[in-house]
Amino acid sequence: MTLTPSPVEQLNRARADLRLGVPIVLTGGAGGEAQAQAQAIICIAAELLTATRLQDLRDLGGEVVLAITAHRATTLKARPYDGDLARVALPRDAGPDWVRALADPADDLRYPMKGPLVSVRTGRADLHRAALALAKSAQVLPAVVAVTVSDGGALALRHGLTLLRGADALSDSLRSAPLHPVISARLPMAASAAGRVHIFRPDDGGVEHYAIEIGQPDRAAPVLARLHSACFTGDVLGSLKCDCGPQLHAALSQMGAAGAGVLLYLNQEGRGIGLANKMRAYSLQDQGFDTVEANHRLGFEDDERDFRIGAAILLRMGFSAVRLLTNNPAKVAMLDGAGVRVVESVPLRVGATDQNRAYLATKAAKSGHLL
Ligand SMILES: Nc1nc2c(ncn2[C@@H]2O[C@H](COP(=O)(O)OP(=O)(O)OP(=O)(O)O)[C@@H](O)[C@H]2O)c(=O)[nH]1
Ligand SMILES: [Zn+2]
C-alpha cells in the first residue's frame, strides 16, 4: 500500500527518533532466516537517555546492555566479544549518568576507573551493530542502550515506536543512497566569475552535497577536481587547527586560473562524524590526544567518510576522469574503486601553521596522507 512508509522513509524516521532520544525497535531477518526474523531489540541513543526511559527499558524484563564500538570498548577496557562492538551489561543501580560517562569520553581522564565492566557474550549482536551504524548516521555518539525483546512488531505497535524490519542488513542501505540533482544556478566568485553551484540531494533524506563547477569543463577530458569535506571551523571561521580553509580557497583559485574545474563540497563535517562530535574530539585534543586517538576514544573510526558519494556526483555530472587535487591517497583509491578514473593526483599543500603542524604530521603518520 502506498500510504505505508517505504524502508528508506522508515530509516529516516528511526534516525530522527534516535536524535530525539525516542526508542526505536529493530528486527532481523533480512536474509529470510526464521531465527533472525524472530530477533528484536528496542534501543535508545545513550547520550539522550533519561531516567524514566531507562526504567521503561528495565521494566521490559530483559537484560539491559550498552552497545559501544570496539574502539570505545578498548579505551574502557571492556571486552569486545562481538568483534567490532561490545555489549556491556548495565549494573542494576546504573543510571543515565553512568551510561553517558561510558558513552562520552569527556571525563575519562578525571574519572578513569569505570569498571570492572562485564560484556555479554551470548546471543546475536547484528541488531546492536545496526543500531550503532544508525547512531553514527544520526551523528550522535556511537553508543546505544538496548534490550532484546521477543515480539518487536507488537511492542512497536503498542507504543507507537518506529520499527525497522530486516535491520541486520542496514549498514549497506545507510551507505549507498543514490543522489539526484535538485537545482543549479550561476554564482560569480572571487576565484572565477564563471561559477555555477549544483545541489544534490540523497534519496534517503540525508544531507545535501554541493558541486561548484568553474567554467565549462570538457566532459571528454580529465577535469581538475577536488573532493572537499565540510569543515565549519576551517572553511568559515579560519581555524588554525587544520588546513581546510586554505585548501578550499587554493583549489578554487587553481580552477579559476585554469579556467575550468569542479569542486565537490561534501557535507561530511569532521571526517563524517558531524560538528558536535568533532568539537568533542577537539576537546579531547586539548587533553593531549591526537586527531586519530580522539576519534577512537569517541568510538569512531579515524575516518567515517564515504567518498563514493563524490564519485556518484561526478559521474552524474558527466565526469568519468579527474586530475584530483589532494594529499590523501584514500580519496584516490575510493574514486578509482567507484568508477571515476584518477589520471593524476595533484598535491595541495597550503595552510601549514604552527598550530596544525602536529595535526598534519599525525595524518601523514597514521592516515597515510602525503606531506
Ligand atoms: N574528526 C575530526 N575531523 C577533523 C579534524 N580536523 C579536521 N577535520 C575534518 O577533516 C576533514 C578534512 O577534509 P579534507 O581536507 O577534504 O580531507 P583530507 O583527508 O585532509 O584530504 P586532502 O585535503 O584532500 O589531502 C573535514 O571534514 C574536517 O572537518 C579533527 O581533528 N577531527
Ligand atoms: Zn578543517
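Q: How far apart do the C-alpha centres of domain 1 and domain 2 lie?
A: This is a predicted model, in which local features need pLDDT of at least 70, side-chain atom pairs count only at pLDDT 80 or more, and totals for chains, interfaces and linings use all residues. Residues are numbered from 1 along each chain as its sequence is written, while chains are lettered from A and ligands numbered from 1 in the order in which they are written. The domain assignment, an automatic or database one, gives domain 1 (7-174) and domain 2 (178-268 + 305-367). Their C-alpha centres are separated by 35 Å.

Q: Which radius of gyration does the chain have, and why does it agree with a compact globule?
A: Let's start with the rule: 2.2 Å times the number of residues to the power 0.38, with the radius taken over C-alpha atoms. For 371 residues a compact globule would come out near 21 Å, so the chain agrees with its 22 Å.

Q: Is cysteine 242 buried or exposed?
A: UniProt, in an unreviewed entry, lists Cys231, Cys242 and Cys244 under "binding site"; such annotations may be inferred rather than shown by experiment. Cysteine 242 sits in the loop between α9 (232-236) and α10 (244-258), helices here being DSSP runs of H or I with at least four residues, numbered from the N terminus. A residue is buried if 20 or more other C-beta atoms, placed from the backbone, lie within 10 Å of its own, exposed if 12 or fewer, and partly exposed in between. Because cysteine 242 has 20 C-beta neighbours inside 10 Å, it counts as buried.

Q: Which residues does cysteine 244 touch, not counting residues up to four places away in sequence?
A: Cysteine 244 belongs to helix α10 and is buried, with 21 other C-beta atoms within 10 Å. Contact means that the C-beta atoms of two residues, placed from the backbone, lie within 7 Å. By that test, cysteine 244 touches Cys231, Gly234 and Asp235.

Q: How far apart are the end C-alpha atoms of helix α6?
A: The expected span of a helix is 1.5 Å times one less than its number of residues. The 12 residues of α6 (residues 126-137) should therefore span 16 Å, and this agrees with end C-alpha atoms that are 17 Å apart.

Q: How many of the 12 residues of α6 are buried?
A: Among the buried residues of α6 are Leu127, His128 and Arg129. After the helix comes glutamine 139, with a positive phi near 60 degrees. α6 is mostly covered, and its buried residues number 11.

How values were computed
Helix = DSSP H or I, 4+ residues; strand = E, 2+ residues; numbered from the N terminus.
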